[in-house]
Amino acid sequence: MTPESDSQASHLRLMQRARLLSSSALDHDVDAFHDQLTELRTVLSAHIEEERGMLDGLSPAVGRVVARGQQSLVALVDDVLRDHEADEGRCACLRRANELAALLARQARLEGDVLADRSPIR
């Protein structure tokens, strides 16, 4: 497998986790939602670390755009985790799950396009 295909497979696994998160939200299972969100945070962090080497070869500007998107995604997951804990399980789970899925899909498209192209933009 190439690094790009590994990254694509990792993106698919992240999207599957987002679907599980949405499923828990639809079922109004706040405990499962929190557990899956915590697991998504762990897997997302590992994914970002795995991609770090691939992103090092990009131009600084493109690398910053990708890194900023990754940081925004992690910040959103952390925000939803804090909201969930502060609200004692009364969160807008479905809305937040959809928000996470949309941002995750956008970031996966960005990273996929950048890694497929691999032509530095200066």
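How many nonpolar, polar and charged residues does the lining of the largest pocket have, by class? I started my notes with this, working from a predicted model.

**Entry 1: the pocket**

Sorted by class, the lining of the largest pocket has three nonpolar, three polar and two charged residues. I then checked which helices take part: α2 and α3 each supply at least two residues of this lining. For the volume of the largest pocket I noted about 180 Å³.

**Entry 2: the cores**

I went on to the largest nonpolar core, which has 23 residues. Leu21, Phe33, Leu37, Leu44, Val77 and Leu100 are the ones with the most contacts inside this core. I listed the elements that give two or more residues to it: α1 (3-26), α2 (30-56), α3 (60-86) and α4 (93-117). Of these, α4 gives the most, with seven residues.

**Entry 3: arginine 96**

Is arginine 96 buried or exposed? I located Arg96 in helix α4. Arg96 counts as buried because its relative accessibility is 7%, and the cut-off for buried is under 20%. I also wrote down what Arg96 touches, again not counting residues up to four places away in sequence: Leu76, Asp79, Val80 and Asp83.

**Entry 4: histidine 28**

I found His28 in the loop between α1 and α2. His28 has a positive phi of about 60 degrees, although it is not a glycine. With a relative accessible area of 69%, His28 is exposed, because exposed means over 50%.

**Entry 5: serine 23**

Where does serine 23 lie? I placed Ser23 in helix α1. Last, I looked up the pair Ser23 and Ala97. These two residues are 74 residues apart in sequence, and 9.0 Å separates them in space, C-alpha to C-alpha.

Terms used: Residues are numbered from 1 along each chain as its sequence is written. This is a predicted model: local features need pLDDT of at least 70, side-chain atom pairs count only at pLDDT 80 or more; totals for chains, interfaces and linings use all residues. Side-chain values use heavy atoms; hydrogens and water are left out. A nonpolar core is a set of buried Ala, Val, Leu, Ile, Met, Phe, Trp, Tyr and Cys residues joined through side-chain atoms within 4.5 Å. Buried means under 20% relative accessible area, exposed over 50%, partly exposed in between (1.4 Å probe, protein chains only). Helices (H or I, at least four residues) and strands (E, at least two) are DSSP runs, numbered from the N terminus. On a 1 Å grid over the protein atoms alone, a cavity is a set of points where a 1.4 Å probe fits but cannot get out, and a pocket is an open set with protein on both sides within 12 Å along at least five of seven lines; lining residues have an atom within 4 Å of a point. Grid points are joined across faces, edges and corners, and a volume is the space filled by probe spheres set on the points. Ala, Val, Leu, Ile, Met, Phe, Trp, Tyr, Cys and Pro count as nonpolar, Asp, Glu, Lys and Arg as charged, and the others, Gly among them, as polar. Contact means heavy atoms within 4.5 Å.
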